[in-house]
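I opened this notebook to record what I looked up in one structure. The entries go from the whole chain down to single residues.

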Amino acid sequence: MTVIDIPGSKSVTARALFLAAAAEGTTTLLRPLRSDDTEGFAEGLKALGYAVRQEPGAWHIEGRPAGPGVAEADVYCRDGATTARFLPALAAAGHGTFRFDASPQMRRRPLGPLTTALRELGVELAHGEREGHHPLTVTGRGIKGGALRLDAGQSSQYLTALLMLGPLTADGLAVTVTDLVSEPYVEITLAMMRAFGAEIAREDGPEGRTYTVAPTGYRATTYAIEPDASTSSYFFAAAALTPGGAVTVPGLGTGALQGDLGFVDVLRRMGADVTIGADRTTVRSTGTLRGLTVNMRDISDTMPTLAAIAPFADGPVRIEDVANTRVKECDRLDACAENLRALGITVDTGPDWIEIHPGTPAGPAEIATHGDHRIVMSFAVTALRTPGVTFDDPGCVRKTFPDFHTVFEAFARGL
Ligand SMILES: O=C(O)C1=C[C@@H](OP(=O)(O)O)[C@@H](O)[C@H](O)C1
Ligand SMILES: C=C(OP(=O)(O)O)C(=O)O
């Protein structure tokens, strides 16, 4: 049995950085993720005048409840949507002029519903090139708060950004959500906000769910970051795919915050033996992988992981309700289809679904990564059973897991 230590969660690290920056006092984050996204988030905070001290295994952040410590800043968000969507909300609560830009990949990704909502709250916000996209300038004068409606059907990150802003408003914030994807990420947000002292109430009404956030501010704390559940999916999938394979991931169990741990339930439905303990999860191959139809709206970052092992199932694998994977680091439905077809697999796709037929993937083939870390990490699992797979940009794993190739190769040798 291989026990593997998975680096910290990107989503939890990004939220913890925001909450720590907004809190009264100094916060220590234990086991934060060191990757391009989270380093980019920390750099963004520094550009906004926050003191962030990074030691191996612990980051210390001096909170500034009044907002950024500078009157003007240029913030480069790299490829990270958490950085690109959360930091403008943090800046909006402060006083000053803050310019944000992002990589070409992130500039293509939308954030219009969030910037519209910020404007409705009285924030002066200008888009530099294209409405609803980076680059943008936020002019903060503090936020009174109020009530608004939000369509988070494209990304839950819009809602997370507004919820985290709530305690920093003068009067509190009520957000009524008319549509929502990736809902478990909102649960992470609420749990973490509460750990930093926030008070949130929820009520379901005819127009949608309303989240009401009290104007409490945040309190600093010491916060341990749990391992990344989306990253774990590659190791769980590899174990399920390999006859005799087994893996245990410590630190992710029944109390885990991240919905993406639910990927193991998909593997269980396919025939893998799955045990979720209090503080660890184990996946063992049974030698069987069944086809299935699965709705992945809640856990769509693991859609490429499932697509990558799908050809080895004994029947078609149909993944539904994942339209928003078309606006991630790349169009992931098209990228999965393109690469599986290059390996000789029959694939059908629609606006929000993909269906993969059983077959034996055959190389040689160079995977077109489109600069997407998840396409690389997913097809690295396919490559365990497919000689001749290479990647046009293997290094893009730096977004969430810079050491992926070394760690995964060592893991695969021991499977
Ligand atoms: O809030 C977060 O940390 C995230 C939310 C999800 O995005 P969407 O809500 O855009 O689906 C997920 O795909 C992303 O990797 C991280
Ligand atoms: C979609 C992702 O990232 P983000 O939206 O945070 O850039 C991801 O990590 O798969």
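The entries below follow the order in which I looked things up.

**Whole chain.** I note that this is a predicted model. I looked up the secondary structure and found 13 helices and 24 strands in the protein chain. I then checked the radius of gyration: it is 21 Å, close to the 22 Å that the globule rule gives for 415 residues, so the chain is as compact as a globular protein of that length. Along the principal axes, the C-alpha atoms fill a box of roughly 60 × 40 × 40 Å. I looked up burial as well, and 52% of the 415 residues are buried. For contacts between residues at least 6 apart in sequence, I read that 73% join residues at least 24 apart.

**Domains.** The domain assignment gives domain 1 (2-216) and domain 2 (229-413). I took the distance between their C-alpha centres, which is 28 Å. The contact takes 27 residues from domain 1 and 25 residues from domain 2. Which elements supply the domain 1 side? I found that β1 (2-3), α1, α2 (36-47) and α7 (183-195) each supply at least two residues of it. The largest share, six residues, comes from α7. By class, I have this side of domain 1 down as 11 nonpolar, eight polar and eight charged residues.

**Ligand 1.** I looked up the shell and found 13 residues around ligand 1, the closest being S11, S155, S156, S182 and Y185. Both α1 (10-22) and α6 (157-165) supply at least two residues each. The classes are three nonpolar, nine polar and one charged. Where does ligand 1 lie relative to the two domains? Domain 1 and domain 2 both give residues to its shell, so ligand 1 lies between them.

In soluble globular proteins, nonpolar side chains tend to be buried together. I looked up the largest nonpolar core here, which has 135 residues; L19 and L162 touch the most other members. This core draws at least three residues from each of domain 1 and domain 2. I then listed the contacts of L162, leaving out residues up to four places away in sequence: A89, A117, L150, L173 and V175.

**A66.** I placed A66 in the loop between β5 (58-62) and β6 (72-76). Is A66 buried, exposed or partly exposed? I count 13 other C-beta atoms within 10 Å, so A66 is partly exposed. I also checked A66 against E24: they are 42 residues apart in sequence and 9.3 Å apart in space, C-alpha to C-alpha.

Terms used: Residues numbered from 1 in each chain as written. Chains lettered and ligands numbered in written order. Predicted model: local features only at pLDDT ≥ 70, side-chain atom pairs only at ≥ 80, totals over all residues. Helix = DSSP H or I, 4+ residues; strand = E, 2+ residues; numbered from the N terminus. Buried ≥ 20, exposed ≤ 12 C-beta atoms within 10 Å, placed from the backbone. Near = placed C-beta within 6 Å. Nonpolar A, V, L, I, M, F, W, Y, C, P; charged D, E, K, R; others polar. Domains from an automatic or database assignment. Core = buried A, V, L, I, M, F, W, Y, C linked by C-beta atoms within 7 Å. Contact = placed C-beta atoms within 7 Å. Rg over C-alpha atoms; globule rule 2.2 N^0.38 Å.
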